[in-house]
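I opened my notebook to go through this model contact by contact. My plan was to write down what I looked up, in the order I looked.

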Amino acid sequence: MIEALWDGLILVFSWPAIGYMSIGVLFGLFMGFTPGIGGPVTLALVLPFSFNMDEVSAIAFLIGTHSVVNNGGSVTAILFGVPGSGPNAATLIDGFPLAQKGEAGRAIGAALAASALGGLFGTVVLACLIPILRPIVLVFGPPEFFMLAILGVVFLATLSGDNPLKGVLAGLLGLLISLIGEELIVGTKRYTFDIIYLWDGIKLVPSVIGLFAIAEMVDLLLKGGSIAKPDKERELSGPWTGVVDVFRHWDILVRSSILGVVIGIIPGLGGDVACFLAYGQAAQTAKKGEVEYGKGNICGVIAPEAASNAKEGGALVPTIAFGIPGSGSMAILLGALLIVGVTPGANLLNEQLDLTFTMVWTLAIANLSAAVIILMLANPLSKLTFFDGSVLAPVIISVCFIGAYMTTNSTGDIIVAIVLGIIGFMMKRLNFSRAAMLLGLVLGRIVEQNLFLSIRIFGAGFIYRPIAMGLVVIALLVMGWSFLKPVLQRRNEKAA
Amino acid sequence: MKRLSLVLVSILIVGGIILGSQTPALSQDAAAFYKGKTVTFIVPYSAGGGYDFYARFMAPHLEKYTGCTIVIKNKPGGGGVVGANLVYRAKPDGRTIGILNMTGSIPAQIAGAKGIDFDLKKFIWMARLNDEPQVFVVGAKSQYTSWNDVLQSKETIKLASTGTVGSTYLDLLVLKLVYDIKHFDIVTGFSGTSDADLSVIRGELVGTASSVSSKIKKIEAGDFKPLLVIADEKVKGLENVPLIYDFPMSTEGKKIADTYIGIMNVSRAMMMTPGAPADRVAFMREAFKKTLTDPDLVQKAEKMDRPVSWLSGEKVLQFIERSFTEAPPLFVNELKQTMK
């Protein structure tokens with residue numbers, strides 16, 4: 001085991017693998033900065049180049065490229081409110097407000113450190129779980145998916161600070177929007193008005209771009225000034241403060257990583273859900289006196305970033321161990337591994353263990369080098385937020401439209417971004433939680449689909465399955481607490 | 001430095017021209033037309049998916065044989081309808097090609113589904129990418145050990161399926177109609193075949209069906225028992241599994257089986273905008289033939305469990321026309337109900 005660990009490290013640093021990995025990291029970062037392009041698309045683009053490489057180079061190149069796309073995407077999410085891809089959407093809920101406070105550097109630092117540590121944590125947990133992985137994958141069925149999603153819905157109430165009802169309303173709006181499109185069960189087209197674009201539902205990335213980036217830019221243009229208000233005191237808060245923040249909030253890091261790993265190893269829930277659930281649980285456990293979530297709380301950046309990377313580590317293991325890809329990217333990677341002659345299965349955990357560790361090391365090293373590159377760029381990049389809005393906003397709005405259009409290459413994407421931009425602007429002015437709405441949008445379909453499947457398969461008694469029941473209890477506790485907490489706090493304040 | 005790069009670039013261009021000109025001139029005019037031009041390859045599904053993979057996999061070879069630059073455009077939406085409409089309505093100059101899932105599109109057009117502006121019988125078909133024989137499987141621990149067990153079962157058999165427009169649902173629906181099985185209960189709503197598969201592996205549902213290439217690894221690993229192959233000839237790796245025609249069926253049932261197997265013979269195929277000049281069509285068809293019969297490409301594809309089996313564009317059209325004329329009313333009505 002130790003020998004394989006060491007051999008794997010040597011393989012990563014062997015020539016030409018290390019060269020290919022560097023190219024991959026640079027390309028992955030570039031694609032991450034480009035809005036609307038996520039991990040699966042990037043992997044699909046570089047895949048043909050790997051066909052003629054040896055197996056170690058191919059692994060270093062593909063995993064190196066893929067593992068840093070997300071890092072690039074979180075930078076644009078924080079600076080301008082434009083997410084690179086779905087998983088970055090949760091990061092911008094608090095990341096962008098931090099940039100507005102002039103703390104873009106700190107947010108970027110925290111995002112990078114959280115994703116690197118989350119990824120590392122995910123890998124370690126999975127290494128320990130390998131012997132019992134198969135039963136774990138098989139214990140989660142539709143009833144458990146349904147309850148996990150319900151748990152996410154329950155977090156809605158907490159996302160609106162002191163006014164849970166407003167959070168619930170915003171969440172319901174998101175749930176309603178998620179109903180648009182052709183549903184999976186009998187193929188009924190709902191609210192599609194004979195427009196083919198709407199058959200596939202409202203996509204996450206154009207929605208986030210509208211709700212946040214466009215709404216904020218319109219707001220900025222109306223108010224004048226720059227994204228960040230120059231503030232002598234805060235100019236000092238560079239990326240390293242963010243890195244330190246991650247260690248200060250280690251409890252959130254650990255919880256979010258565990259959540260990410262769990263969702264990663266059970267195929268079927270999707271990556272976006274991991275980030276939003278992690279965000280929800282972080283907001284749920286906010287302590288008194290913390291900055292409100294959605295208004296620039298650093299934990300709101302740490303949680304989704306940790307979960308996002310922990311999940312990718314998680315998705316890797318079922319892919320190599322069983323050949324069941326845990327995510328869209330992993331399905332592509334699986335194909336590439338087969339072509340260079342690496343067959344997923346038990347032998348990757350026995351005879352070819354050094355190759356498996358090569359993958360783990362590549363993940364770690366690629367993440368680390370991406371972090372170093374971005375940390376060097378973070379300060380100059382965050383200066384952009386001090387540019388005058390009248391110069392910056394038109395540029396960013398154009399980038400927003402390109403990013404939205406990249407989703408399905410259809411004008412429908414741009415219309416969605418504009419309509420949700422208007423809704424987002426109104427919600428901002430009326431102080432409704434846009435995060436809650438996004439959570440509703442992400443979870444709506446999953447709740448519906450898994451409720452239906454659960455009832456069809458198990459009947460109404462599905463809820464009595466042990467894990468599902470456990471999740472019901474947690475959901476009830478969370479719900480009770482979120483309505484009780486404000487009452488208790490008020491009473492305490494009166495007493496004091 | 002500038003001069004050096006200029007020299008390098010001209011070497012590359014000259015080299016490219018020389019390499020390009022090695023393509024045997026099937027039709028001088030068409031070859032001259034395509035040289036240096038861009039051809040748009042519309043993939044009506046998302047980037048990173050199976051069809052996108054095939055398009056990107058074929059593109060470098062197509063470029064080599066035609067001298068043009070292939071630009072892949074992902075136009076997902078409506079289960080392929082958006083992209084197929086675009087290919088159909090493009091300028092008929094032979095510079096727009098596309099790829100389509102026929103197992104979904106043919107039944108959709110037969111049923112007269114909404115949103116379809118194209119006519120599959122009017123597309124100019126380039127080639128078949130592959131045929132996808134389907135297989136019906138049950139969980140490893142299932143009480144059913146043969147297709148006869150399934151047919152004669154007194155209990156309701158619950159089966160896992162993706163949405164009603166997916167090929168999994170069609171497979172199960174066709175089996176139900178062909179043998180007139182009353183005790184099938186098809187549970188729809190899984191996001192993809194791998195989610196449906198996991199449900200069967202977990203033992204929640206009895207069985208499912210989908211393409212052999214997506215099931216073969218799990219059959220070999222012992223997660224599934226294959227009970228019936230939906231094809232008219234034996235499939236590699238599943239030689240001991242009976243075929244759909246091995247069991248008694250009514251005349252109407254046989255017609256449905258014939259239609260469906262006809263459709264599956266052209267599971268995935270590439271097409272060009274109707275009305276393109278004949279010499280360009282012939283030139284492009286030849287390029288597809290060379291690409292898909294290239295031993296290196298075929299071998300790589302096989303390794304990835306993404307099979308390739310070329311068939312000429314003319315044959316593809318024949319299969320399509322046959323499935324439209326042969327589809328029995330019972331099947332058409334059932335499809336209309338499903339795809340309303």
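I started with the contact of α4(A) and α5(A). On the α4(A) side I found A:Ser74, A:Ala77, A:Ile78 and A:Leu79. They meet A:Thr91, A:Leu92, A:Gly95, A:Phe96, A:Leu98 and A:Ala99 in α5(A). I sorted these residues by class and got 7 nonpolar, 3 polar and no charged. I noted that the model is predicted.

Next I looked up the geometry of this pair. Helix α4 of chain A covers residues 55–80, and helix α5 of chain A covers residues 89–100. Their axes come within 6 Å and cross at roughly 50°. The two helices α4(A) and α5(A) are therefore oblique to each other.

I moved on to α20(A), residues 411–430, and its packing with α11(A), residues 204–223. How far apart are the axes of α11(A) and α20(A), and at what angle do they pack? I read 7 Å and about 55°. That angle makes α11(A) oblique to α20(A). The crossing of α11(A) and α20(A) is right-handed.

I then listed who touches whom. From α11(A) I wrote down ten names: A:Pro206, A:Ser207, A:Ile209, A:Gly210, A:Leu211, A:Phe212, A:Ile214, A:Ala215, A:Val218 and A:Asp219. From α20(A) I noted several partners, among them A:Asp413, A:Val416, A:Ala417, A:Leu420, A:Phe425 and A:Lys428. By class, this contact of α11(A) with α20(A) has 14 nonpolar, 4 polar and 3 charged residues.

The class count for α19(A) with α20(A) is 6 nonpolar, no polar and 1 charged.

Most residues other than glycine have a negative phi, and most peptide bonds are trans. Which two residues does a cis peptide bond join? I found A:Trp15 and A:Pro16, with omega about 5°. A:Pro16 sits in the loop between α1 (2–12) and α2 (17–33) of chain A. My other entry is A:Tyr191, which is not a glycine but has a positive phi of about 50°. I placed A:Tyr191 in the loop between β2 (189–190) and α10 of chain A.

I turned to the contact between the chains. It takes 35 residues from chain A and 39 residues from chain B. On chain A, the elements α3 (39–46), α10 (196–199), α16 (328–339) and α21 (434–458) each supply at least two residues. The chain A side divides into 22 nonpolar, 10 polar and 3 charged residues.

Then I went into chain B. I noted two domains, domain 1 (23–131 + 265–338) and domain 2 (134–262). Their C-alpha centres lie 28 Å apart. The contact of the two domains takes 17 residues from domain 1 and 15 residues from domain 2. On the domain 1 side, α5 (102–111), α13 (313–326) and α14 (329–338) of chain B give two or more residues. That side has 7 nonpolar, 6 polar and 4 charged residues.

I followed β4(B), residues 124–130, to β10(B), residues 268–272, and found antiparallel pairing over 5 bridges. B:Trp125 stands opposite B:Met271 in β10(B).

I finished with the helices on that sheet.

Conventions. Residues are numbered from 1 along each chain as its sequence is written. Chains are lettered from A and ligands numbered from 1 in the order in which they are written. This is a predicted model: local features need pLDDT of at least 70, side-chain atom pairs count only at pLDDT 80 or more; totals for chains, interfaces and linings use all residues. Domain bounds come from an automatic or database domain assignment. Two residues are in contact if their C-beta atoms, placed from the backbone, lie within 7 Å. Helices (H or I, at least four residues) and strands (E, at least two) are DSSP runs, numbered from the N terminus. Ala, Val, Leu, Ile, Met, Phe, Trp, Tyr, Cys and Pro count as nonpolar, Asp, Glu, Lys and Arg as charged, and the others, Gly among them, as polar. Axes are lines fitted to C-alpha atoms, for helices over the stretch in contact, and angles run from 0 to 180 degrees between N-to-C directions. Angles under 35 degrees count as roughly parallel, over 145 as roughly antiparallel, 65 to 115 as roughly perpendicular and the rest as oblique. A crossing is left-handed if the near helix is turned anticlockwise from the far one by less than a right angle, and right-handed if clockwise. Two strands pair if DSSP finds at least two bridges between them.
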